[in-house]
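Work through these exercises with the structure in view. Try each task before you read its solution.

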Amino acid sequence: MSAFSDMEKAGFLLTLSTYACLLEMHASSGQIDHAMKLYNSMTNAGLRPGLSTYTVLLSLLANKKLVDVAAKVLLEMKTMGYSVDVTASDVLMVYIKEGSVDLALRWLRFMGSSGIRTNNFIIRQLFESCMKNGIYESAKPLLETYVNSAAKVDFILYTSILAHLVRCQDEENERHLMSILSATKHKAHSFMCGLFTGPEQRGQPVLTFVREFFRSIDYELEEGAAKYFVNVLLNYLVLMGQINRARCVWKVAYENKLFSKAIVFDQHIAWSLDVRNLSVGAALIAAVHTLHRFRKRMLYYGIVPRRIKLVTGPTLKIVIVQMLGSVESPFEVSKVVLRAPGDSVMEWFKKPIVQQFLLNEIPSRADILMHKLNILFPNSAPEHELTHTGHF
């Protein structure tokens with residue numbers, strides 16, 4: 001700056017490169033007042049700032065959250081003949097990454113009113129930020145923009161919206177979320193709607209309907225997403241008290257080998273169910289359904305293994321022990337494994353109350369599942385992270 005001052009005193013005319021050097025130096029070191037003063041001097045002198053000068057200055061204004069000043073500079077950049085779509089999108093991403101969702105929405109409105117476009121990737125990022133922050137009213141128009149521009153909502157994104165619905169405890173927000181799910185136009189939503197109708201409207205039994213949907217999944221591309229969907233959907237169905245539908249979903253998911261290692265029959269030695277890769281709702285349904293399956297094998301075919309075990313996780317152990325405790329199960333708990341000798345389980349299976357429980361019962365929405373909802377359903381994900389690509 002001292003050299004710059006000497007130049008001015010000596011009567012040298014300041015060139016574009018001199019201004020650009022000084023402005024970018026101040027902008028890079030976060031000195032907004034000096035940078036703006038130089039920018040104004042530069043434009044007042046009739047000089048046209050270069051693209052790099054605008055980029056550095058707008059990045060600084062974005063980081064300082066000076067939305068109105070950034071908008072003014074961007075429009076001046078546009079007047080100078082530059083294409084501003086990419087630069088404006090970069091500013092938008094600064095707000096999204098910082099978690100300044102209100103500023104991001106404000107900037108997007110400015111872009112729209114100025115005829116400046118952004119891309120679908122950024123629209124999706126902002127949509128997901130709105131969802132994360134519970135700004136559902138602003139999220140829906142973003143999703144509609146995304147869908148109407150021929151971008152497809154994928155299985156992961158649809159399921160993540162459903163996961164928000166599972167955690168939702170406010171009726172008004174539930175309505176917003178149902179509306180957002182509908183706006184996705186994803187095939188999973190048609191399936192969800194059909195799942196909650198009666199057999200007359202569906203035109204087929206629920207099990208057949210579920211099988212048809214799972215046949216439509218491309219398992220080579222979407223296996224991880226399908227596992228995520230099953231975990232979240234079973235959480236939702238259990239919370240809604242739709243136990244029969246939940247059992248059908250688990251049965252078909254298992255038939256399609258989504259959780260092929262969950263149930264193991266080791267001849268007459270040990271039978272086991274491993275629910276560590278399941279959400280709470282999925283684990284409860286899997287436990288009841290699998291014990292019912294074990295019961296049929298043991299009573300109808302007379303096969304009694306030496307032992308039966310249920311492998312759980314820290315949270316899952318609590319809810320499964322509570323559930324089985326209501327019918328005095330013979331399982332003993334050791335860390336996260338529930339074990340019982342086959343003979344003891346056989347005697348337990350013979351009790352009419354146990355048969356009734358395995359056929360129909362599971363704790364209701366008002367019971368243990370709603371107890372500390374945010375602990376039991378922290379994000380509708382299993383306790384061990386699911387392996388899939390995309391956003392989770």
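**Exercise 1.** Which kind of contact do the side chains of Arg117 and Asp85 meet in?

*Solution.* Keep in mind that this model is predicted.
- Step 1: Check the N to O distance, which is 4.0 Å. The two side chains meet in a salt bridge.
- Step 2: Arg117 sits in the loop between H7 and helix H8 (120–132), and Asp85 in helix H6. They are 32 residues apart, so the pair links distant parts of the chain.
- Step 3: Look at accessibility. Arg117 is exposed, with a relative accessible area of 63%. Asp85 has 24% and counts as partly exposed.

**Exercise 2.** Find the buried residues of H5 and say where on the helix they lie.

*Solution.* 
- Step 1: List them: Val67, Ala70, Ala71, Val73, Leu74 and Met77.
- Step 2: Look down the axis of H5. These buried residues fall within an arc of 170 degrees, so they line one face of the helix.
- Step 3: Find their neighbours. They pack against helix H3 (32–44), helix H4 (51–63), helix H6 (85–98) and helix H7 (101–113).
- Step 4: Turn to the face away from the buried side. It carries the exposed residues Asp68 and Thr79.

**Exercise 3.** Which residue forms a salt bridge with Asp68?

*Solution.* 
- Step 1: The partner is Arg106, with the closest N and O atoms 2.9 Å apart.
- Step 2: Asp68 belongs to helix H5 and Arg106 to helix H7, 38 residues apart.
- Step 3: Asp68 is exposed at 55% relative accessible area. Arg106, at 35%, is partly exposed.

How values were computed: Residues are numbered from 1 along each chain as its sequence is written. This is a predicted model: local features need pLDDT of at least 70, side-chain atom pairs count only at pLDDT 80 or more; totals for chains, interfaces and linings use all residues. Side-chain values use heavy atoms; hydrogens and water are left out. Buried means under 20% relative accessible area, exposed over 50%, partly exposed in between (1.4 Å probe, protein chains only). Helices (H or I, at least four residues) and strands (E, at least two) are DSSP runs, numbered from the N terminus. The arc is that of the directions from the helix axis to the C-beta atoms. Contact means heavy atoms within 4.5 Å.
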